[in-house]
Amino acid sequence: MKQIEGTETPLLAVHGLVKTYPASGARLWGSRVVHAVSGVDLEVRRGENVALVGESGSGKTTLARCVLGLTRPTAGSIDFDGRDMSTATRSQRGAFRRRVQPVFQDPFSSLDPRWTVGRSVGEGLDSFRIGTPAERAVRVRELLEQVGLPARYAGLRPTELSGGQRQRVGIAAALALGPELLVADEPVSALDVSVQAQILNLLAVLQRDLGLAILVVAHDLSVVRHISDRIAVMYLGRIVETGSTATVFRDPRHPYTRALLSAIPDPDPARRPDLVPLHGDMPSPLSPPPGCHLHPRCPVAVPTCSSVDPALTDLGAGHRVACHVAAAAAGHPDPTAQPDASATDTSTPRREEERPCPPRA
Ligand SMILES: Nc1ncnc2c1ncn2[C@@H]1O[C@H](COP(=O)(O)OP(=O)(O)OP(=O)(O)O)[C@@H](O)[C@H]1O
Ligand SMILES: [Mg+2]
C-alpha cells in the first residue's frame, strides 16, 4: 500500500468539481438541472490506486469523464501534475491525452469489430505517429504480451475473443502511449465473475510494474478491496467518506459506507451487526435533499442533517467523513452545524429499528 498523505504534488488533484446537465424537458421545466457532481475534491498520487465507489447515479462516471477531459466541468478545477487543465495550452492538453488513458466498462462496445486487435491496440501509436510502422507493430505485440495475451492475437478480430480477452485488449490499448494515470470506469462489471479477478489482478500487476496510478470506478466495494490503496465513497454527487482501503473496511464511519459494506456477503453475518442496510432509493439528482443528501434514508440522522450540509471532516491519517453524527462521535463536530440535543449521544449510531428513518423529503 502506498503512503496516502505526503507533500509531493499529486498526479491528479480535483478541486470543487461541479457538473450539472440540463434536465431533459428543460424547456418545460425552466432552468432545472441534473446535479451529477456537486463539489468534489479528490486526489490521486503517483502510483496510487484510488477507487470511486457508490450506487448507480451517484456521479462516478461523470467525475471520471471530467478527469479524462471528455466532459467539461460546470465549475471547479482539475490539475494534472500541478497544472490546471482548464488553462492548459493545446500542446499541454495533447500531452495530457497521452498521460491519462481510459479503460472502458464494456469491452464489447469499446473495440471496433471491423478492426484487428493489433490496429485497436496501436491506434494511439498511429495517431501520434510514434516510431515507424514496423516499430509500432513490435510495440503492439509487446503490449499484448504485457496484458497476458499471445502476440499472434494482433491479427484476430474482437469477435474472436472472450470478454476477458477483449478487456485485456482494451487495457493494452490504454497502455500504448505510456500513460501515468488510467481511469477505469467499472472495468470488470461486464465480465463473468470468474474473469473479474484476473482483470483486477492484471491492473494490480500493471500498477506495481509500471508505477501506474489508477482511478477505478466500481459499484461494489468488494471489487476494489484487494487492489485499491484508497477509497472515496460517493453519494448523490458528493464524496461522503474517504480513507485508506484498510481503514474504510475496518472502521467505516459514514452510514452510507456502512450500508454499502452491509451488502457484501460475509461468511459470518454476526460479525458486523453495526452495518445497517439503507431503505428506499437515492433521491433524484434533479432535486437533491437540502443538508446531508443522505438524511431522508439515514438510520442515524438528527435534525441538523436536514438543513446543514456536512463538511468532509478529517478524523486523522486521511480518513475523512461528511456526516454530522460520525464527526461529533469522533470528537470533531462541524462548527457550522447547529448544536442539537438529539445529536449529543453519538458514540454508537443508533440502529434503524431503534430510530425510525425520517420521512423522505
Ligand atoms: N449527458 C447527460 N445528460 C443528462 N444527465 C446525465 C448525463 N450523464 C449523466 N447524467 C445524470 O447524472 C447523474 C450521474 O450519472 P453518472 O453516470 O455519473 O452516475 P454513475 O455513478 O456513473 O452511475 P452508474 O453506476 O449507473 O454508472 C445521473 O442522474 C445521470 O442520469
Ligand atoms: Mg457510471
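Here are some notes on the predicted model above, point by point.

1. Ground rules. This is a predicted model, in which local features need pLDDT of at least 70, side-chain atom pairs count only at pLDDT 80 or more, and totals for chains, interfaces and linings use all residues. Residues are numbered from 1 along each chain as its sequence is written, while chains are lettered from A and ligands numbered from 1 in the order in which they are written.

2. Overall make-up. The chain has 12 helices and 12 strands, taken as DSSP runs (H or I of at least four residues for helices, E of at least two for strands) and numbered from the N terminus. Of its 361 residues, 43% are buried, which here stands for 20 or more other C-beta atoms within 10 Å of a residue's own, with 12 or fewer counting as exposed, anything in between as partly exposed, and C-beta atoms placed from the backbone. Looking at contacts between residues at least 6 apart in sequence, 65% join residues at least 24 apart; a contact is a pair of C-beta atoms, placed from the backbone, within 7 Å.

3. Ligand 1. The shell around ligand 1 holds 13 residues, and the closest are Tyr21, Ala36, Ser56, Thr61 and Thr62 (C-beta, placed from the backbone, within 6 Å of the molecule). Two or more shell residues come from each of β2 (33–44) and α2 (60–68), and α2 has the largest share, with 3 residues. By class the shell splits into 4 nonpolar, 8 polar and 1 charged; nonpolar covers Ala, Val, Leu, Ile, Met, Phe, Trp, Tyr, Cys and Pro, charged covers Asp, Glu, Lys and Arg, and the others, Gly among them, are polar.

4. α5 against α7. Helices α5 (117–127) and α7 (163–175) pack at about 30° with axes 7 Å apart; axes are lines fitted to C-alpha atoms over the stretch in contact, and angles run from 0 to 180 degrees between N-to-C directions. The pair is therefore roughly parallel (under 35 degrees; over 145 is roughly antiparallel, 65 to 115 roughly perpendicular, the rest oblique). Their crossing is right-handed, as the near helix is turned clockwise from the far one by less than a right angle. Val117, Ser120, Val121, Glu123 and Gly124 of α5 meet Val169, Ala172 and Ala173 of α7, a set of 5 nonpolar, 2 polar and 1 charged.

5. α5 against α6. Here the axes come within 9 Å and cross at roughly 120°, so α5 is oblique to α6. This crossing is right-handed too. On the α5 side the contact uses Gly118, Val121, Gly122, Leu125 and Asp126, and on the α6 side Arg136, Arg139, Val140, Leu143 and Leu144. The classes come to 5 nonpolar, 2 polar and 3 charged.

6. Positive phi away from glycine. Most residues other than glycine have a negative phi, hence a quick check of two spots. Arg129, in the loop between α5 and α6 (133–146), has phi near 50°, and Arg129 is exposed, with 9 other C-beta atoms within 10 Å. Ala317, in the loop between β11 (313–314) and β12 (320–321), has phi near 55°; Ala317 is exposed as well, with 11 other C-beta atoms within 10 Å.

Note on methods:
Contact = placed C-beta atoms within 7 Å.
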